[in-house]
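Subject: The structure for you to look at

Hello,

Here is the structure I said I would pass on. Have it open beside you as you read, and my notes follow below it.

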Amino acid sequence: MIAFPAFRTLLIAAMTSGLSFGATRAADDFDLSPQQSGRLHAARNEAAIASIPVAFKFVTPGKFTIAVSPGGPPLATYATDAKTVVGADPDYAYAIADSLGLTLEIVPVAWIDWPLGLASGKYDAVISNVGVTEQRKEKFDFSTYRQGLHGIFVKSDSPVASIKEPKDAAGLRIVVGAGTNQERILVKWSEQDVAAGLKPVELQYYDDEATSLLALQSGRADVIVQPHAQLVFIAARDKNIKRVGTLSAGWPDRSDVAITTRKGSGLADALTIATNGLIKDGTYAKVLEHWHLSEEALPASETNPPGLPKY
C-alpha cells in the first residue's frame, strides 16, 4: 500500500497546525550537548590491553581511532554545536578506549564509506551500529556489543498491547520501509498467519518519517516497525507512541551489532575482552540505560559469532 497524494495534503495541514515531527527536534530525555557531562568513564582493563597484538599499530599512537556515522540519535548524531558527535555508540567507544588505556579519536564518516576507510587503514575500528553478517565476515572481524533490534511501536492510546510473534500482527496495518530487513521479516510473518488461517499483515509504505508517523497518529495505520533505537528517540521526543514489542533483525535468529575491525588484524579479541569487562563491572549497562537502549543489551560479547546469512 502506497501513501496517496491526498494524504500529503493532510500531512501539510497537520504540520502547519502545530503537529511536527522534525528530525532535528531534540527529546528532553536525551542530552545532545557537546559537553556530555553525564558520560561514564571506565577503568583500564589489563587483560584487554595484554591481548592487543604486539605487531598491531594504531593509526595514531596512544589513540583509539574509530569511525562513526552520525545517522541520528540516540546511536550517533551531531551535538547542538553541529560538530561534536554524541550518542550511545560514541559513549561506548569512549568506555572501550578507557579500557585499553587510550584516548578516543572519533572520525565522522558517511555510512557508505566505512568499509573502504577501515580496509585502507584510516581508522582502527568502526563503532557505528554495524550488524554482523556472513558476507561482512569475509572481509572484517567483529566484537559484538549490542543486539540488532527493530522496534514495534503503536500510538499511545492504541488498544494493541503486545506484539511478540506472527499471530499478534495478524490483520494489523503496519508501516514499514520498502526493501528493508524488517519488511522481509513481516512478509514472512504474514505468510505464516495466512497458512494458519489468520488474516494477513497489511504493509504500508511511505516516503518519509513524518508521513509514516502521521499515518499512525491519524489511524490510517496501526503499527510502525523501524530500527528500535530510532523509535526510542521518537517516542521520547514526540511522547505519543509507545513500544509494544521488539523484533530481532535476524528473526527467527538473534542479530548482533559489533565493533568492526580489519580482517586478521588481531584487535577483535582484545575488544571482546574489553566489552566483557564493561559488562561485568556494570559500565556497559549504564551506557545503554543512559541512552534508553537497555533492551539491546547482550549477556556477553563474542568474537566473530554467526552472522546474518546472505539473502
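Let me start with a question: is Lys 239 buried or exposed? Lys 239 is exposed, because its relative accessible area is 53%, and the cut-off for that word is over 50%. Please keep in mind throughout that this is a predicted model.

Backbone points

You will find Lys 239 in the loop between H9 and S11. Asn 304 also has a positive phi without being a glycine, in this case about 50°. Asn 304 sits in the segment after H11 and is partly exposed, with a relative accessible area of 24%.

As background, most residues other than glycine have a negative phi, and most peptide bonds are trans. One runs from Pro 73 to Pro 74, with omega near 5°, and Pro 74 belongs to the loop between strand S1 (63–68) and strand S2 (77–78). The other cis bond joins Trp 251 to Pro 252, again with omega near 5°. Pro 252 is in the loop that links strand S11 (241–248) to strand S12 (256–262).

In soluble globular proteins, nonpolar side chains tend to be buried together. Here the largest nonpolar core has 58 residues, and the members that touch the most others are Phe 64, Ile 66, Tyr 92 and Ile 96. Helix H9 (residues 228–238) is the element that gives the most to this core, namely seven residues. Another core, of 19 residues, lies apart from it; Ile 163, Leu 172, Ile 174 and Leu 186 are among its members.

Setting aside neighbours within four places in sequence, its contacts are Ile 127, Tyr 145, Ile 259, Thr 275, Leu 278, Tyr 284 and Val 287.

The cavity

The structure has one cavity of 30 Å³ or more, and the largest cavity holds about 50 Å³ of space. Which residues line the largest cavity? They are Ala 88, Asp 89, Tyr 92, Tyr 145, Arg 146, Tyr 284, Val 287 and Leu 288. Helix H3 (88–99), strand S6 (140–147) and helix H11 (283–290) are the elements that each give two or more residues to that lining. By class, the lining has six nonpolar and two charged residues, with no polar ones.

The largest pocket has a volume of about 960 Å³. It is lined by 38 residues, and those closest to its centre are Leu 75, Trp 111, Asn 129, Pro 227 and Gln 230. Which element gives the most to the lining of this pocket? That is H9, with six residues. Among the elements supplying at least two residues each are helix H5 (134–137), S6, strand S7 (149–155) and helix H7 (181–195). By class, the lining of the largest pocket has 15 nonpolar, 17 polar and six charged residues.

Happy browsing, and best wishes

Methods:
Residues numbered from 1 in each chain as written. Predicted model: local features only at pLDDT ≥ 70, side-chain atom pairs only at ≥ 80, totals over all residues. Heavy atoms only, no water. Core = buried A, V, L, I, M, F, W, Y, C linked by side-chain atoms within 4.5 Å. Buried < 20%, exposed > 50% of the residue type's maximum accessible area, 1.4 Å probe, protein only. Helix = DSSP H or I, 4+ residues; strand = E, 2+ residues; numbered from the N terminus. Contact = heavy atoms within 4.5 Å. 1 Å grid on protein atoms, 1.4 Å probe; cavity = no way out; pocket = protein on both sides within 12 Å on 5 of 7 lines; lining within 4 Å. Points joined across faces, edges and corners; volume = space filled by probe spheres on them. Nonpolar A, V, L, I, M, F, W, Y, C, P; charged D, E, K, R; others polar.
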